[in-house]
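Reader: I would like to go through a structure by question and answer. Please show it before we start.

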Amino acid sequence: MNRILFAASECVPFIKTGGLADVCGALPKEFDKEYWDVRVVIPNYTCIPEKYRKEFQYVSHFYMSAGPGIRDKYVGVLKYELDGVTYYFIDNEEYFRCDVPYGDIRFDIEKFIFFDKAVLSMLKHIDFRPDLIHCHDWETGFVPVYLKNEFAADPFYQGIKSIMTIHNLRFQGIWDVKTIRNLSGFNLSLFAPDKLEFKKDANMLKGGLVYADYITTVSDTYANEIQSPYYGEGLNGLLSARHFDMQGIVNGIDYKVYDPKTDEKIYQNYDLTDFRKQKVKNKLKLQEELGLQVDKKKFMIGLISRLTDQKGLDLIAYAMERIVDEHTQFVVIGTGDAQYENMFRHYAWKYPGQVSANICYSDDLAHKLYAAADAFLMPSAFEPCGLTQLISFRYGTVPIVRETGGLKDTVIPYNEYEDTGDGFSFTNYNGDDMLYVINFAKRIFFEKKRQWNHMIDRGMEKDFSWGASKFRYEGLYRYLTGKE
């Protein structure tokens, strides 16, 4: 039996701010229970819905210190089973009483240092000794550091391997050395340039990348990109040095949650056999619901995103007046930077029948838009994996993307001469290039409907369920633990 523990700051269905939660919720369920015992640990945030929290079972509690700044803190351990997976929750109201899981970065760093040490400390209390701890993003960056340093002399912990997965390299958990040393209790010798030190500060993600036995990220292209200065966020030298211990594995999506044939959140169900007649009914209903002009001939572009620079919204700002013509509708769902929220509100006011700005996050509305839109726009500056384009394929909606990270790995550009490909892409981070490709997509949609439907056929036939990625993770876990 292979025993794996996922350590993360969020996990569906308990708490979610981004794709990391989807991965930690979907992937553990995929492993064959006969050979794999995969469990998950996250903080016990008070903002986890009460319907789950009231079912959590008490396992144990103890008191723990890290550095001088974290002394004799209560650590409660709770557990809950769902879909055959055991989830653990680290309980401490001082750190995890919150309305949202992240806020002030200084406090976030303290609470996740506490969490990282608590994850290792709880193992002696839960009757589960993992062969490998799979850590996700900077919030769990100190798990491998503690494992290879403070816990290394204890026979119980010897031989436990660790993997560090980068979901987004931009976020690293950086603060000054004095504070992080005070919180963590780490020896001063660890704060050296080849360990935790980063531009005279301390860096939690860097600690994980130095001390983990292996590094993964969420697409092959992103794994290569982050070894370059442009995408490397200051860690490209370290990542280049570790490139033999690193690979990209594309995320999957939950094919039960995202299935246009059975999805109860959409107006009209459909599949590969009947989308030509049925899919458009979703467009007409959504147009009606959002107050857009009801016309099945309109080209509807969807955008579901955090509204930030990373997502290429400056390109959209540059080209928006030319994207929205009398034949085109643009529907946005998301929250983020005020400038982009207000930009979309402005265009919805200026073009009420053509632009709908939904400055919120609604899962129900998102499903409706995946089913209704003709195309989905993702002009990202960088995109480690991206889930939106994978869901778009599932719903027969054609992605228009910039060739970066996981977008480049998953979208095959359309070739009108050979009638191949399943989406549209552009290479340079440039508003005119993006606009050219959007206009190319419109031309195919309006003038070559048969080829457009062939693209949808190919997209809906693709398999981005977790099944394919799971096998790569299984191989990696076996390689690291030496167990079959």
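Author: A charge sits over a ring if NZ of Lys or CZ of Arg is within 6 Å of the ring centre and within 35 degrees of the ring normal. Keep in mind that this is a predicted model.

Reader: At what distance from the ring centre of Phe-156 does Arg-129 lie?
Author: The cut-off for a charge over a ring is within 6 Å of the ring centre. Arg-129 lies over the face of Phe-156, and its distance from the ring centre is 5.9 Å.

Reader: Which ring has the charged end of Arg-394 over it?
Author: Here the charged end of the arginine is 3.8 Å from the ring centre. The ring under Arg-394 is that of Tyr-255.

Reader: How many aromatic pairs does a search of the whole structure find?
Author: Two rings pair if their centres lie within 6.5 Å. Searching the whole structure on that basis gives a total of 43.

Reader: How many residues apart are Phe-299 and Phe-445?
Author: Phe-299 is in strand S13, residues 299–304, and Phe-445 is in helix H16, residues 431–447. The pair links distant parts of the chain, and the separation is 146 residues.

Reader: What kind of pair do Phe-299 and Trp-452 make?
Author: Their ring centres are 5.8 Å apart. Their planes stand at 75 degrees, and over 60 is the cut-off, so the pair is edge-to-face.

Reader: Is Trp-452 buried or exposed?
Author: Buried means under 20% relative accessible area. The relative accessible area of Trp-452 is 1%, so Trp-452 is buried.

Reader: Which residues form one aromatic cluster with Phe-299 and Trp-452?
Author: Phe-299 and Trp-452 are both members of this cluster.

Reader: Which side chain has a polar contact with that of Glu-93?
Author: Glu-93 lies in helix H3, residues 93–96. At 44% relative accessibility, Glu-93 counts as partly exposed. A polar contact of 3.0 Å joins its side chain to that of Arg-97.

Reader: Which residue follows helix H18?
Author: H18 covers residues 466–481 and reaches 22 Å from its first C-alpha to its last. The residue after H18 has a positive phi, near 70 degrees, and is Gly-482.

Conventions
Residues numbered from 1 in each chain as written. Predicted model: local features only at pLDDT ≥ 70, side-chain atom pairs only at ≥ 80, totals over all residues. Heavy atoms only, no water. Phe/Tyr/Trp six-rings, centres within 6.5 Å; stacked < 30°, edge-to-face > 60°. Helix = DSSP H or I, 4+ residues; strand = E, 2+ residues; numbered from the N terminus. Buried < 20%, exposed > 50% of the residue type's maximum accessible area, 1.4 Å probe, protein only. Polar contact = N/O pair within 3.5 Å; in protein donor to acceptor, adjacent residues only side chain to side chain. Expected span 1.5 Å × (residues − 1).
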